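Here is a quick tour of a structure, going from charges over rings to the sheet and the helices. Have the sequence and the 3D view open as you read.

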Amino acid sequence: MKKPAGLPPTLELYFTNRCNLACRYCSTGDLQRGGEKTLSLAEILRGVELADRGARALGGPPLTVGLTGGEPLLEFALLSQAVTAIKKRWPRLGLHVCTNGTLLDRAKAEFLLDRGVELDISLDGGRAAHDANRRFGAGACRSVFSLVEANLRRLPAPLRARLRAVATFDSRTIAGAAESYKFLRGLGFNSFGFGLDIYESGPAARLPALAAALRRFRAAWL
């Protein structure tokens, strides 16, 4: 087993498939066909142990672990136990948690950030961009964006600045990527991650529009 140069060993641990949203581009729906499942604390720690052993065998930097789902804050009691246990046993190990933000509050954010966890918030930009793909379950008509924005604005600005915004774009929302980034900066984020909907398929004729959107983003922000 070889480690690609410059890339830290990473484990994405989907410790629960429970989620309170039904986003259009999420793969978790396929994982829920057998019913809701959540790993035990022992199973989580065993997974980290095996991955850490492999990372050390490569002789590279310490392992980075993502604790995700599903929506990890639905299992916050288990998540907090796992973070505490992992940090105690593997203090050099990096941790990150990605949440949809609908259950985020100050206590949860401070608990994770104060323990050195990188906390990612899935937020695709303003209302139109975010609600285009992120939605509650069948029959619900509430705006996911409205709830997430309200939760974020309740946080003190210095705490909000320690969060990382992660935006996902598809062929319908990529044209507004530059505007979405401007909105996220205005909301107080200083760290960002951007990606494309990897499950979307379409004709090659869409590629020029994608290239134009990326050029606009580059011209505006890079």
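## Charges over rings

Lys108 lies over the face of Phe76, 5.7 Å from the ring centre. For the term: a charge sits over a ring if NZ of Lys or CZ of Arg is within 6 Å of the ring centre and within 35 degrees of the ring normal. Arg142 does likewise with Phe136, at 4.2 Å from the centre of that ring.

Some housekeeping before going on: this is a predicted model, where local features need pLDDT of at least 70 and side-chain atom pairs count only at pLDDT 80 or more, while totals for chains, interfaces and linings use all residues. Residues are numbered from 1 along each chain as its sequence is written, and side-chain values use heavy atoms, with hydrogens and water left out.

## Aromatic rings

A pair of aromatic rings is described by the distance of the centres and the angle of the planes. Here, rings of Phe, Tyr and Trp (its six-membered ring) pair if their centres lie within 6.5 Å; planes under 30 degrees apart are stacked, over 60 edge-to-face, and the rest tilted. How many aromatic pairs does this rule give? The count is 9. One of them is Tyr181 with Phe192, edge-to-face at 4.7 Å centre to centre and 65 degrees between the planes. This pair links distant parts of the chain, 11 residues apart: Tyr181 sits in helix α8 (residues 177-186) and Phe192 in strand β6 (residues 191-196). Helices (H or I, at least four residues) and strands (E, at least two) are DSSP runs, numbered from the N terminus.

Are these two residues buried or exposed? Buried means under 20% relative accessible area, exposed over 50%, and partly exposed in between (1.4 Å probe, protein chains only). Tyr181 is at 11%, so it counts as buried, and Phe192 is buried too, at 18%. Phe192 also pairs with Phe194: the centres are 6.2 Å apart and the planes at 15 degrees, so this pair is stacked. Phe194 itself is partly exposed, at 36% relative accessibility. Ring pairs join Phe169, Tyr181, Phe192, Phe194, Phe217 and Trp221 into a cluster.

## The sheet

Six strands make an open sheet in the order β1-β2-β3-β4-β5-β6, with parallel pairing. Two strands pair if DSSP finds at least two bridges between them. At the edges are β1 (10-14) and β6, each pairing on one side only. From one strand to the next, the twist averages 25 degrees.

Looking at individual pairings, β1 runs parallel to strand β2 (residues 64-68), and 5 bridges join them. Leu13 has Leu67 in β2 as its bridge partner. Strand β3 (residues 94-99) and β4 are also parallel, over 5 bridges, and there Leu95 has Val117 in β4 as bridge partner. Strand β4 (residues 117-122) is mostly covered, with 5 of its 6 residues buried. In β2 you'll also find Thr68, which is buried at 12% relative accessible area. Not counting residues up to four places away in sequence, Thr68 touches Glu12, Leu13, Tyr14, Phe15, Thr16 and Cys98, where contact means heavy atoms within 4.5 Å.

## Two packed helices

Two packed helices are described by the angle between their axes and the distance between the axes. Helices α2 and α3 (residues 76-89) pack at about 40 degrees, with axes 10 Å apart. Axes are lines fitted to C-alpha atoms, for helices over the stretch in contact, and angles run from 0 to 180 degrees between N-to-C directions. On the α2 side, Leu41, Ile44, Leu45, Val48 and Glu49 meet Leu78, Gln81, Ala82, Ala85, Ile86 and Arg89 of α3.

## Two loop residues

Leu39 is in the loop between α1 (28-31) and α2 (41-58) and is partly exposed, at 27%. Leaving aside neighbours within four places in sequence, Leu39 contacts Leu13, Tyr14, Phe15, Ile44 and Leu78.

Glu75 belongs to the loop between β2 and α3. With 18% relative accessibility, Glu75 counts as buried. Beyond its neighbours within four places in sequence, Glu75 is in contact with Phe15, Thr16, Arg18 and Thr38.
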